[in-house]
Amino acid sequence: MACPSSNIARPGITQTLTTMRITSLLIAIMLTALATEAGAQGIIRPKTSTTTKPTTKPQPRAQAKRPAAVANPLKKLAADMVYVEGGTFTMGAAAAEDYWNAENAKPAHQVTVRSFYICRYETTQALWQKVMGHNPSEQKLGGNHPVENITWNDIQAFIQKLNALTGKHYRLPTEAEWEYAARGGRKSGGYRYSGSNQIDDVAWYSDNPHDRHKPVGTKRPNELGLYDMSGNVFEFCGDGYQPYSAAPQNNPVQESPKGDHPLRGGSYVTHEKDCRCSYRFGQSSTYSHTHFGFRLAMSE
């Protein structure tokens, strides 16, 4: 009996199909092997991303620092006034002191002063400029330097205008107030110079400033926090200049038959002995110099 044609195997087609399956399998194996080798060699294919990276915001430019505002000299003066509690002290040069004009500061005597205010610094060129509208100093080295080249009469005109501007009652210290403050008042350590027995700690004088004054407050202060009571520039006092008496005194305000006024504290051109707390000499109210200045005081 003959077999139906549908049941007859066709060897050619079967072999072709088998070959195709084997070929596909080999291709897949080869592709897998290639991928594995690429990973082992560190080959990383970039991933395609559709996400947009955020744009970095530009940083604002750094603002230039503004220069520090210059302090108003009138406000600074008010803040710089130091309270000095009154008391009794020995004024003048001790018997053993022997500088060239020590006799002008003798005899030492007991003096009592009431409480008052005195400026921490010598009056500056900036303050004088603010009040008077000009700077009379010969050495115009900066606003924080002491004003100089002024007479006692010039200072009185300055104080009158200063008080009109501020409504206060500034004045020059009396000679007794000046020395009491220079010696440290109730806090006094008994030093030769204002704040120390070592002059270079507290004073600009002939051995260190190179013939010119320095900005106020650049040396060490005395016991009350006052600067340059020794050295830098001489300081005018408000009362008159005359010889001392041995008698005790209470809040003395000296009169001077010649019209002279005390200058105290030494200066940048003087010897160290002239910077002692007791050193004094008198000068006319109309005489000025490049090492004559002042500091302000005020009653309690």
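Me: What makes the charged end of R280 count as sitting over the ring of Y244?

Reply: A charge sits over a ring if NZ of Lys or CZ of Arg is within 6 Å of the ring centre and within 35 degrees of the ring normal. The charged end of R280 is 4.0 Å from the centre of the Y244 ring, so the distance meets the 6 Å limit. K219 provides another case, over the face of W204 at 4.3 Å from the ring centre. The model is predicted: local features need pLDDT of at least 70 and side-chain atom pairs count only at pLDDT 80 or more, while totals for chains, interfaces and linings use all residues. Residues are numbered from 1 along each chain as its sequence is written, and side-chain values use heavy atoms, with hydrogens and water left out.

Me: How do you know that R264 and E179 form a salt bridge?

Reply: The term requires a side-chain nitrogen of Lys or Arg within 4 Å of a carboxyl oxygen of Asp or Glu. The closest N and O atoms of R264 and E179 are 2.7 Å apart, so the pair qualifies. R264 belongs to strand β8 and E179 to helix α5 (residues 175-182), distant parts of the chain 85 residues apart; helices (H or I, at least four residues) and strands (E, at least two) are DSSP runs, numbered from the N terminus. Shared partners join E175, E179, R183, R264 and R280 into one salt-bridge network. The whole structure has 12 salt bridges.

Me: Why is R264 called buried, and why is K76 called partly exposed?

Reply: Buried means under 20% relative accessible area, exposed over 50%, and partly exposed in between (1.4 Å probe, protein chains only). R264 has 0% relative accessibility and is therefore buried; E179, also at 0%, is buried too. K76 has 35%, and is therefore partly exposed. Its salt-bridge partner D80, 2.7 Å away from N to O, is buried at 11%.

Me: Why is the pair of Y99 and Y279 called tilted?

Reply: Rings of Phe, Tyr and Trp (its six-membered ring) pair if their centres lie within 6.5 Å; planes under 30 degrees apart count as stacked, over 60 as edge-to-face and the rest as tilted. The centres of Y99 and Y279 are 5.8 Å apart and the planes stand at 55°, so the pair is tilted. Y99 lies in the loop between β2 (87-91) and β3 (109-113), and Y279 in the loop between β8 (261-264) and β9 (280-283), so the pair ties together parts 180 residues apart in sequence. Y99 and Y279 are both buried.

Me: What makes β2 and β7 (249-250) edge strands?

Reply: Two strands pair if DSSP finds at least two bridges between them. The open sheet has the order β2-β3-β7, with mixed pairing. β2 and β7 each have a single partner strand, so one side of each is left without a neighbour in the sheet. β3 and β7 pair in the parallel sense over two bridges, and V111 stands opposite Q249 in β7.
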